[in-house]
Amino acid sequence: MHFGPFLNIESQVDRIIVIQIFTVILATGIFLMFGVVAAYSVMLGGLICILPGYFAARVLVAKKGPLENLPTDVGLSPVIRSELIKFGLSVALFLATFLLVERLNTLLFFAAFIGLQLIYIVVPAIEASALRRRYAGKQSD
Amino acid sequence: MEQSLIYIAGGILMGLGAIGSGLGIGMLGGKYLEGVARQPELQPMLMTQLFIALALVDAVPIIAVGISLYLIFAV
């Protein structure tokens with residue numbers, strides 16, 4: 001399943017980003033019931049988590065095709081470049097949020113940010129356990 | 001006085017986060033290169049896993065930076 005040229009659901013990294021986007025939309029919708037400030041705090045926290053990760057992934061795969069098909073001679077330089085961009089973008093977005101947004105629910109903002117980082121653990125763990133179950137099923141056949 | 005303590009707290013938050021993530025990323029990168037040197041055919045798969053693990057290790061200092069920026073600019 002492809003989302004235009006931007007996201008390819010076959011790739012594990014893009015799958016994590018898609019799940020993060022859906023989670024942010026869902027959480028924003030839920031917190032809209034508690035007020036507009038809560039909703040946009042959750043959304044901003046989520047965007048600050050998703051956008052740098054997305055751009056870092058794009059820089060990592062730029063002109064080299066999907067992450068899984070990277071040539072074997074690239075070493076660590078694309079990783080370092082993408083990490084620098086991710087860190088710089090995160091700091092810029094945090095600064096912009098704290099300087100430009102006057103009313104912010106900081107607890108929800110950081111909760112959304114930290115919660116979305118946990119998706120980096122949860123999705124690979126779920127996929128690994130599903131793979132293990134499938135493998136165990138094949139062994140018993 | 002209070003404001004200067006906030007700046008010191010922000011600096012300590014960023015510094016400690018940077019030390020921890022520096023150690024973690026160094027170990028990850030080293031082990032990744034060791035793995036690729038041993039089995040070059042696994043490099044694409046290892047790169048994906050490295051990127052996901054890096055994102056996780058990165059999260060801690062970025063959270064620390066976020067909280068310290070909040071302390072410095074918003075409190």
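Author: Let's begin with A:R58, which counts as partly exposed at 23% relative accessibility. The cut-off matters here: buried means under 20% and exposed means over 50%, so A:R58 falls in between. Keep in mind that this is a predicted model.

What does A:R58 pair with? Its partner is A:D14, and the closest N and O atoms of this salt bridge are 3.5 Å apart. A:R58 sits in helix α2 of chain A (residues 36-61) and A:D14 in helix α1 of chain A, so the bridge ties together parts that are 44 residues apart in sequence. In general, side chains of opposite charge can pair when their charged atoms come close.

While we're on helix α1 of chain A, which spans residues 12-31, have a look at A:T28, which lies in it too. A:T28 is buried, because its relative accessible area is 14% and the limit is 20%. If you skip the neighbours within four places in sequence, A:T28 is in contact with A:A39, A:V42 and A:M43.

Zooming out to the chain for a moment, chain A has four helices and two strands, and along the sequence they come in the pattern β-β-α-α-α-α. Of its 141 residues, 37% count as buried. Take the contacts in chain A between residues at least 6 apart in sequence, and 65% of them join residues at least 24 apart. The accessible surface of chain A comes to about 8,000 Å², with 72% of that belonging to carbon and sulfur atoms.

Back to the charges. How many salt bridges are there over all chains? The count is two. We've done one of them; the other joins B:D58 and A:K86, with closest N and O atoms 4.0 Å apart. This pair crosses between chains, running from helix α2 of chain B, where B:D58 sits, to helix α3 of chain A, where A:K86 sits. Are its ends buried or exposed? B:D58 counts as buried because its relative accessibility is 6%, and A:K86 is buried as well, at 5%.

B:D58 also leads us to the largest pocket, as it is among the lining residues that lie nearest the pocket's centre, along with A:I80, A:E83, B:I25 and B:L54. The lining has 13 residues in total, and the pocket holds about 260 Å³ of space. Helix α3 of chain A (77-100) and helices α1 and α2 (43-73) of chain B each supply at least two lining residues. The biggest share comes from α3 of chain A, with five.

B:I25 deserves a stop of its own. You'll find B:I25 in helix α1 of chain B, and at 30% relative accessibility it counts as partly exposed. Setting aside neighbours within four places in sequence, B:I25 is in contact with B:L54, B:V57 and B:D58. That list brings back B:D58, the chain B end of the bridge to A:K86. As for spacing, B:I25 and B:A53 are 28 residues apart in sequence, while their C-alpha atoms are 9.0 Å apart.

Now go over to helix α3 of chain A, where A:F87 has its place. A:F87 is partly exposed, with a relative accessible area of 35%. Leaving out neighbours within four places in sequence, A:F87 is in contact with B:I62 and B:V65, which are chain B residues. Within its own chain, A:F87 and A:L26 are 61 residues apart, and 26 Å separates their C-alpha atoms.

B:L5 is found in helix α1 of that chain, residues 2-38, and is partly exposed at 48% relative accessibility. Together with B:M1, B:I8, B:I12, B:L16, B:I19 and B:L23, B:L5 makes a nonpolar surface patch of about 790 Å².

Notes: Residues numbered from 1 in each chain as written. Chains lettered and ligands numbered in written order. Predicted model: local features only at pLDDT ≥ 70, side-chain atom pairs only at ≥ 80, totals over all residues. Heavy atoms only, no water. Patch = residues over 30% accessible without salt bridge, like charges linked within 9 Å, V, L, I, M, F, W, Y side chains within 5 Å. Areas by Shrake-Rupley, 256 points an atom, 1.4 Å probe, with all protein chains shown as cover. Salt bridge = Lys/Arg side-chain N within 4 Å of Asp/Glu carboxyl O. Buried < 20%, exposed > 50% of the residue type's maximum accessible area, 1.4 Å probe, protein only. Contact = heavy atoms within 4.5 Å. 1 Å grid on protein atoms, 1.4 Å probe; cavity = no way out; pocket = protein on both sides within 12 Å on 5 of 7 lines; lining within 4 Å. Points joined across faces, edges and corners; volume = space filled by probe spheres on them.
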